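Look at the fold below before reading on.

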Amino acid sequence: MAKQKNEISSSANTGDVKTILGITFKLFLISTITAILLSGVNALTVDRIAENARAEKAAAIAEIFSGNIESELFESPIGGIAELYVVKESGNAVGYAAQVEPLGFGGTMTVMVGVNADGTLAGVKLVSHSETPGLGSRAGDQEYLSQYIGKGAESLNGGIDIITGSTISSNAILEAVNTALTAHHTVFAANGGAK
């Protein structure tokens, strides 16, 4: 009787191993197929995603600077600036736009800051964010961002209202603006204006 019990137990263990190996193989197969499909979709969409990102940046710059402008990527030696664009109208530099990525409450924010050739702010545009809807996201409202227009570095200190309940997001925008203004003084003013 004991011998028969051992044979049944051994048979059950062999069945368990086969079941586990079968499930493992199926999961491996599903994971492999899914990974191949995802990499294929990524390969098909990577160029379109990059083009959409470029168009979004160009639209933000066009919204900040009025007129028939063109923007050209400029190598930025300034820490904290992801990308720097010289903005020209009829071949003359009228300012620049700095893409700055400060840390907000919900994560990294992408802010486009336009600075006129004279060092005053042309405008600010919140390009992307993960801030809380109705609170932190209010820092991207055009009504709020319009308070920056025409101000320079010296008029920012104490001259910017912070949104109640959205202090971290508001301060992140202010940080982005200050970083962009630093670029004016260190890159353009030091070189006698935009190139």
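**Elements, sheet and surface**

Read from the N terminus, the elements of the protein follow the order α-β-β-β-β-β-α-α-α. This is a predicted model. The elements come to four helices and five strands.

The sheet comes next. Strands of a sheet pair through backbone hydrogen bonds, which can be arranged in parallel or antiparallel fashion. Here the five strands make up an open sheet, ordered 1-2-3-4-5, with antiparallel pairing. Strand 1 (69–74) and strand 5 (121–128) are at the edges and have a single partner strand each, so one side of each has no neighbour in the sheet. From one strand to the next, the twist averages 25 degrees.

One pairing can be followed down to residues. Strand 4, residues 110–116, runs antiparallel to strand 5, and six bridges join the two. Which residue of strand 5 is the bridge partner of Val-111? The partner is Leu-126.

The remaining values describe the protein as a whole. Of its 195 residues, 32% count as buried, where buried means under 20% relative accessible area. The protein exposes about 11700 Å², and carbon and sulfur atoms supply 57% of that area. As for contacts between residues at least 6 apart in sequence, 48% join residues at least 24 apart.

Note on methods:
Residues numbered from 1 in each chain as written. Predicted model: local features only at pLDDT ≥ 70, side-chain atom pairs only at ≥ 80, totals over all residues. Heavy atoms only, no water. Buried < 20%, exposed > 50% of the residue type's maximum accessible area, 1.4 Å probe, protein only. Contact = heavy atoms within 4.5 Å. Areas by Shrake-Rupley, 256 points an atom, 1.4 Å probe, with all protein chains shown as cover. Pairing = 2+ DSSP bridges. Axes fitted to C-alpha atoms, helices over the stretch in contact; angles between N-to-C directions.
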